[in-house]
Amino acid sequence: MDILFSHAANRETLSIFIGICFGVIARLMMLRTDYRQYPTYPHGKIIHISLGIIASGLGAVAVPALLNKDYTAITFLALAAQQFRDVRNMERQSLSAVDKSELVPRGTAYIEGIAMLFEGRNYLVIFSSFFSSLCSLLFQWYWGVAVGLVTLIVVRIYQSGKQICEIADVRIADVRVDGPDVYVDSVYIMNVGLEKNRQIIREHALGLLVVPKDNNAKVTLANLGQRQALLHNLSILLGVYRDTGEPALVPLAKLDINSGTLAVFVLPQEKNAAKAVQILRQAPVLENAERLPSGK
């Protein structure tokens with residue numbers, strides 16, 4: 001009897017270990033500092049890795065607890081969900097504070113999307129650790145490893161959402177200065193009074209057109225938060241040729257009401273049109289900006 005009990009305890013320990021390992025691997029897969037410079041290195045990463053370890057531990061330990069009819073494990077999972085909502089609030093507050101010092105801010109919609117993303121990734125960690133631990137306990141350990149590898153593929157698929165290239169085409173457009181008026185292709189952007197600023201625009205401005213593929217994309221691109229996110233991405237990667245107190249040199253995105261095409265006007269430090277097109281193509285479609293008026 002003692003041998004059987006010891007064997008069962010060892011299987012539970014092994015399943016928890018496998019679950020935690022795959023949960024931590026899943027969190028590391030989803031953790032990288034990219035052009036958004038978030039999370040910061042190293043302290044921001046330490047926070048998110050620590051939360052990932054906690055999430056993987058919860059998912060792995062929940063399996064033997066539930067199989068042993070210890071239903072208080074559900075309470076701990078509920079408490080974990082509350083803690084991860086607090087993480088979302090923390091991310092929102094931190095990014096909102098940092099956003100005030102940006103020459104081209106992210107905007108509230110982009111910040112909310114990033115905060116939602118970090119909360120969701122903790123649930124993906126629980127998903128990976130839970131199922132790898134479950135299969136390790138119900139079957140042999142190698143089945144737990146196999147299922148863990150499958151969950152990593154699922155995590156890879158769901159760690160990011162749509163990109164602009166999926167809903168629109170991006171192409172280079174001419175920036176035209178007609179007296180005090182500035183146009184990108186045929187779309188009116190703004191009025192610039194000073195000749196000095198108009199000369200800067202002639203030398204450094206870059207224009208792009210984001211052409212929607214369907215009616216859903218038209219409504220999504222019309223969202224002000226989505227436009228601001230595109231401008232922020234361009235400014236982060238290409239730089240911005242301006243300083244504070246220069247409203248005539250602010251990057252803008254204006255909509256052609258008739259066609260739904262979005263005209264993007266920027267003044268980058270690095271005037272590289274091909275790179276700008278690639279940046280816009282790979283920019284994220286914000287979940288809270290996406291609309292489906294056609295129902296598809």
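**Charged pairs and a covered helix**

Analyst: E112 and R88 form a salt bridge, with their closest N and O atoms 2.9 Å apart. This pair links distant parts of the chain: E112 sits in helix α4 and R88 in helix α3 (residues 73-99), 24 residues away. The model is a predicted one.

How do the two partners stand on burial? E112 has a relative accessible area of 19%, and the cut-off for buried is under 20%, so E112 counts as buried. R88 is at 22%, so it falls into the partly exposed class.

E119 is buried, at a relative accessible area of 7%.

Elsewhere, the side chains of E270 and K275 meet in a salt bridge, 3.1 Å from N to O. Both partners are partly exposed: E270 has a relative accessible area of 33%, and K275 is at 35%. Shared partners join R88, R92, E112 and E119 into one salt-bridge network. The whole structure holds 8 salt bridges.

Now the helix. α8 covers residues 224-238, which makes 15 residues. From first C-alpha to last it reaches 21 Å, close to the 21 Å expected at 1.5 Å a residue. At its start, a side-chain oxygen of N223 comes within 2.8 Å of the backbone nitrogen of G225. After the helix comes G239, with a positive phi near 80°.

Is α8 mostly covered or mostly open? It is mostly covered, with 11 of its 15 residues buried. Among the buried residues are G225, Q226, R227, L230, H232, L234 and L238. An α-helix has 3.6 residues a turn, so residues three or four places apart point the same way.

Nonpolar side chains tend to be buried together in soluble globular proteins. The largest nonpolar core has 25 residues, of which I164, V170, L208, V210, L234, V264 and L280 touch the most other members. Elements giving two or more residues to this core are β1 (168-173), β5, α7, α8, β7 and α9. I164 touches Q226 and L230, and its other contacts beyond four places in sequence include V170, V210, L221 and L280. A second, separate core has 17 residues, including I200, A205, A248 and A263.

V182 lies in strand β3 (residues 181-184). V182 is buried, at 0% relative accessibility. Beyond its neighbours within four places in sequence, V182 is in contact with residues including V175, V177, V187, I189, I201 and F265. V182 and S235 are 53 residues apart in sequence, and 19 Å apart from C-alpha to C-alpha. S235 is itself one of the buried residues of α8.

How values were computed
Residues are numbered from 1 along each chain as its sequence is written. This is a predicted model: local features need pLDDT of at least 70, side-chain atom pairs count only at pLDDT 80 or more; totals for chains, interfaces and linings use all residues. Side-chain values use heavy atoms; hydrogens and water are left out. Helices (H or I, at least four residues) and strands (E, at least two) are DSSP runs, numbered from the N terminus. The expected span of a helix is 1.5 Å times one less than its number of residues. Buried means under 20% relative accessible area, exposed over 50%, partly exposed in between (1.4 Å probe, protein chains only). A polar contact is a pair of N or O atoms within 3.5 Å; within protein, one must be able to donate a hydrogen and the other to accept it, and residues adjacent in sequence count only if both atoms are side-chain atoms. A salt bridge is a side-chain nitrogen of Lys or Arg within 4 Å of a carboxyl oxygen of Asp or Glu. Contact means heavy atoms within 4.5 Å. A nonpolar core is a set of buried Ala, Val, Leu, Ile, Met, Phe, Trp, Tyr and Cys residues joined through side-chain atoms within 4.5 Å.
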